[in-house]
Amino acid sequence: MAGSNLEVDVREQNGVLVVRFSGRLDWATYMRAQDVLLDHATKELVGVVVELDELVAESPALLVLFDVVWLSSVRWPGISLSIVVSDHRLRSTLESRGLPRHIPMYSTTAAAVGAVVRLKHEDRVDAPLPTCRCLPHVAERITERACERWGVQAMLDVAPQVAVELVSHIEDDSPLALLLRMRGDKLSVAVRTTARLDLKQWHIMRHNVASIAVCNFTMGETPAGGGRHVIWALLDVPEDSRRPPIHLPETAVFTRQA
């Protein structure tokens, strides 16, 4: 991916997404670089590693973009983001200026990839939704099947209704996508969309989700690149509610099956 003197190369390494930036990062390419990273972070495998040795920043202040992406990715989808800098001078410059502020830094890609925490029982669903009146029903059914498949019995009365609530509040001329994640004791229900919610819509939706959820939950919005956003609800799964997963017949909407 090239243009404006900035190139981005993406590859998979041992289940981790490795993104290499090369060329010049300036105020003209800042937003494109951020958009690319946000887009890849929300299409995560188990983590994202960013290689910076071939990137030249016009100003160290521009490196805050990696903090912006890190803050988004740890909230949703909850994956790790780390950077690789093997050049000693660049590394010293970054460390002396404290940039990026939050992201783990490694000397080699192998070390960064090896440090990614691989959660057990992680799984995901990425499902495009139809643009018709049956959209809430389809979202509800997909979420029900995911809960059954992951063996989270207590979520069967919660997560599908949260999915209905999310899709019912989003008016988008472009097709929506339902994104479900099961990570440890957290189940997230999310929708990828180009629409934006105003404060009143957010207030109503949070109130309605609170009336549905019988567990602790948080809600938020994560940029996903290309003018898209992910609106999500993260639900705590009670430990005593789990049972062995059900092995359902293969369907197109389920990905990354164990």
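Which element gives the largest share of the lining of the largest cavity? The views below answer this for a predicted model, in which local features need pLDDT of at least 70, side-chain atom pairs count only at pLDDT 80 or more, and totals for chains, interfaces and linings use all residues. Residues are numbered from 1 along each chain as its sequence is written, and side-chain values use heavy atoms, without hydrogens and water.

**View A. The largest cavity.** A cavity is a set of points, on a 1 Å grid over the protein atoms alone, where a 1.4 Å probe fits but cannot get out. One cavity of 30 Å³ or more is counted. The largest cavity has a volume of about 30 Å³ (the space filled by probe spheres set on the points, which are joined across faces, edges and corners).

**View B. Lining of the largest cavity.** Lining residues have an atom within 4 Å of a point. Here they are L38, A41, T42, V69, S72, S73, W76, P77, T222 and P223. Two or more residues each come from α1 (30-41), α2 (64-75) and β9 (217-225). Helices (H or I, at least four residues) and strands (E, at least two) are DSSP runs, numbered from the N terminus. The largest share, three residues, is from α2.

**View C. The second largest pocket.** A pocket is an open set with protein on both sides within 12 Å along at least five of seven lines. The volume of this one is about 170 Å³. Its lining includes L52, L55, V56, L90, L94 and R97. β3 (47-57) and α3 (88-97) supply at least two lining residues each.
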